[in-house]
Amino acid sequence: MALDKNQIARRIAQELRDGYYVNLGIGIPTLVANYIPEGVNVFLQSENGLLGMGAFPTEENVDADLINAGKQTVTMIPGAALFDSAESFAMIRGGHIDLTVLGAMEVSQDGDIANWKIPNKMVKGMGGAMDLVASARNIVVAMMHTDPKGNSKLLPKCQLPLTGMACIKRVMTDLAFLEIKDGAFHLLERAPGVSVEEIQAKTAGKLVIPEFVPEMQF
Amino acid sequence: MNKIVANATEAVRDIQDNATIMLGGFGLCGIPENSITALVAKGVKGLTCISNNAGVEDFGIGLMLKQRQVKKMISSYVGENAEFERQLLSGELEVDLIPQGTLAERIRATGAGIPAFFTPAGYGTEVANGKEVREFNGKMYLLEHAFQSDFAIVKAWKADRYGNLMFKGTARNFNAMMAKAGKITIAEVEEIVEVGTLDPNHIHVAGVYVHRLFQGQNYEKRIEQRTVSK
């Protein structure tokens with residue numbers, strides 16, 4: 001069975017380590033915060049100027065002056081820090097964030113990523129995505145393996161305008177966990193009950209399959 | 001020394017057609033609501049606005065777009081705004097989209113006297129078109145330049161009459177850098193307190209950067225995504 005969005009988030013959450021500073025993008029990445037393992041303390045960074053983002057507020061604690069990068073109202077955990085946007089991106093650009101999780105429309109076997117623009121559609125902007133992918137040391141892309149029409153999103157070359165070049169090293173999809181190196185997707189794990197053949201059939205880019213591909217453990 | 005002006009109308013009095021202005025805020029958080037209202041009433045046109053976002057259809061910079069006061073937006077994300085989209089597609093509005101960290105650093109550089117800097121964001125993408133590329137330590141970087149901005153309009157939480165500013169929560173965002181980047185910086189604040197009341201250890205922007213100051217009124221502080229837990 002392919003994973004649902006929450007299960008993708010849950011598997012990514014297993015990559016968190018105690019003390020990590022983490023930036024979660026909008027969409028599936030945001031869900032990772034719901035599955036932080038017991039005993040693991042992480043600081044969530046919000047690019048609009050907050051390190052130590054907490055849960056959504058209760059109705060009486062809503063504060064218009066405290067939002068996340070998705071413009072949702074949030075809270076701060078004890079030990080949180082606030083700063084301006086230049087400082088926030090200094091933190092990102094300077095490589096101080098341990099793990100970045102973001103969504104994508106396409107990823108290539110060379111680690112290129114496209115996630116901000118579709119030609120002939122209204123362009124909303126790249127926000128902080130280009131800064132994140134260009135600088136982060138440890139990025140996991142969270143996305144569906146195929147688009148709604150069934151076309152592979154893991155490609156030899158991205159078709160859409162790039163967000164970043166040769167910057168993605170790991171991809172978590174509803175079917176598989178893959179590493180990108182030496183110009184190919186390397187299959188690390190498969191979703192429970194998903195066959196290697198299905199993953200191969202839905203991966204347009206070069207796929208390297210080791211002899212034994214373990215199932216993800218939850 | 002007194003930087004205080006009576007109100008928003010007085011603060012924006014000399015902003016002329018075709019001016020370049022920076023406007024603080026992230027989404028609708030920390031936007032200079034009173035000054036935007038005054039600019040709409042004043043009816044200045046042909047503005048180039050440097051702002052991370054472009055407001056929503058009926059609030060923030062969206063109000064200026066609706067009156068067709070904006071010639072060009074320089075932003076990182078312009079979100080959902082049907083009127084914005086219409087003007088963009090019809091060619092009435094020019095938009096320059098910039099990676100958010102590059103935008104923030106260009107604003108910071110403007111105030112800090114740094115004419116240009118190298119950043120990796122956008123290398124290998126269309127953002128790199130026409131820009132100088134240089135390799136440092138095996139990694140590729142783009143040359144990005146500071147802005148020239150006639151005015152910077154920011155919103156702060158508290159200030160004293162010398163223009164020392166404090167922000168609250170994530171409303172600091174682009175306001176803190178923009179305050180340092182205007183040839184003339186206008187700060188609207190929720191509360192002006194007596195000199196000496198603000199703890200110097202806690203001042204986010206020193207008064208040296210601020211030229212005009214007023215206490216705003218009737219802050220709506222609209223929330224784009226009110227998200228609550230039980």
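User: What stands opposite A:E106 in β7(A), and how do you know that the two strands pair?

Analyst: A:E106 has A:A114 opposite it in β7(A). This is a predicted model, in which local features need pLDDT of at least 70, side-chain atom pairs count only at pLDDT 80 or more, and totals for chains, interfaces and linings use all residues, while side-chain values use heavy atoms, with hydrogens and water left out. Residues are numbered from 1 along each chain as its sequence is written, and chains are lettered from A and ligands numbered from 1 in the order in which they are written. Strand β6 (residues 106-108) of chain A and β7(A) run antiparallel and are joined by 2 bridges; two strands pair if DSSP finds at least two bridges between them, so β6(A) and β7(A) qualify. The names follow DSSP runs numbered from the N terminus, with at least two residues (E) for a strand and at least four (H or I) for a helix.

User: What makes β7 and β9 of chain A edge strands?

Analyst: They belong to an open sheet of 3 strands in chain A, ordered β7-β6-β9 with mixed pairing. Within it, β7 (113-114) and β9 (154-155) each have a single partner strand, so one side of each is left without a neighbour in the sheet.

User: Which strands stand at the edges of the 10-stranded sheet in chain A?

Analyst: That open sheet has the order β4-β3-β2-β1-β5-β8-β10-β11-β12-β13, again with mixed pairing. Its edge strands are β4 (76-82) and β13 (207-208), each of which pairs on one side only. Inside the order, β1 (residues 21-24) and β2 (residues 43-46) of chain A run parallel and are joined by 3 bridges, with A:Q45 in β2(A) as the bridge partner of A:N23.

User: How do you know that both faces of β1(B) are covered?

Analyst: Buried means under 20% relative accessible area, exposed over 50%, and partly exposed in between (1.4 Å probe, protein chains only). In β1(B), B:T20 and B:M22 on one side and B:I21 and B:L23 on the other are all buried. The strand is also joined by 3 bridges to β2 (residues 47-50) of chain B, running parallel to it, and B:T20 stands opposite B:T48 there.

User: What makes the phi of A:K71 worth a remark, and is A:K71 buried or exposed?

Analyst: Most residues other than glycine have a negative phi. A:K71 is not a glycine, yet its phi is positive, at about 65°; the residue lies in the loop between β3 (50-53) and β4 of chain A. Its relative accessibility is 11%, so A:K71 counts as buried. B:N18 likewise has a positive phi, of about 70°, without being a glycine, and is found in the loop between α1 (8-11) and β1 (20-23) of chain B.

User: Why is A:K71 said to lie over the face of B:F26?

Analyst: The rule asks that NZ of Lys or CZ of Arg be within 6 Å of the ring centre and within 35 degrees of the ring normal. A:K71 lies over the face of B:F26 at 5.5 Å from the ring centre, and B:K158 lies over the face of B:W157 at 4.6 Å.

User: Why is the pair of B:F118 and B:F136 called edge-to-face?

Analyst: Rings of Phe, Tyr and Trp (its six-membered ring) pair if their centres lie within 6.5 Å, and planes under 30 degrees apart count as stacked, over 60 as edge-to-face and the rest as tilted. By this rule there are 3 aromatic pairs over all chains. For B:F118 and B:F136 the values are 5.1 Å centre to centre and 65° between the planes, so the pair is edge-to-face. It links distant parts of the chain, 18 residues apart, with B:F118 in β5 (residues 116-119) and B:F136 in β6 (residues 133-136) of chain B. B:F118, at 25% relative accessibility, counts as partly exposed, and B:F136 is partly exposed at 31%. Together with B:Y141 they form one aromatic cluster.

User: Why is B:G163 called buried?

Analyst: The relative accessibility of B:G163 is 0%, and therefore it counts as buried. B:G163 sits in the loop between β8 (151-160) and β9 (165-166) of chain B, and its C-alpha is 8.3 Å from that of B:V205, although 42 residues separate the two in sequence.
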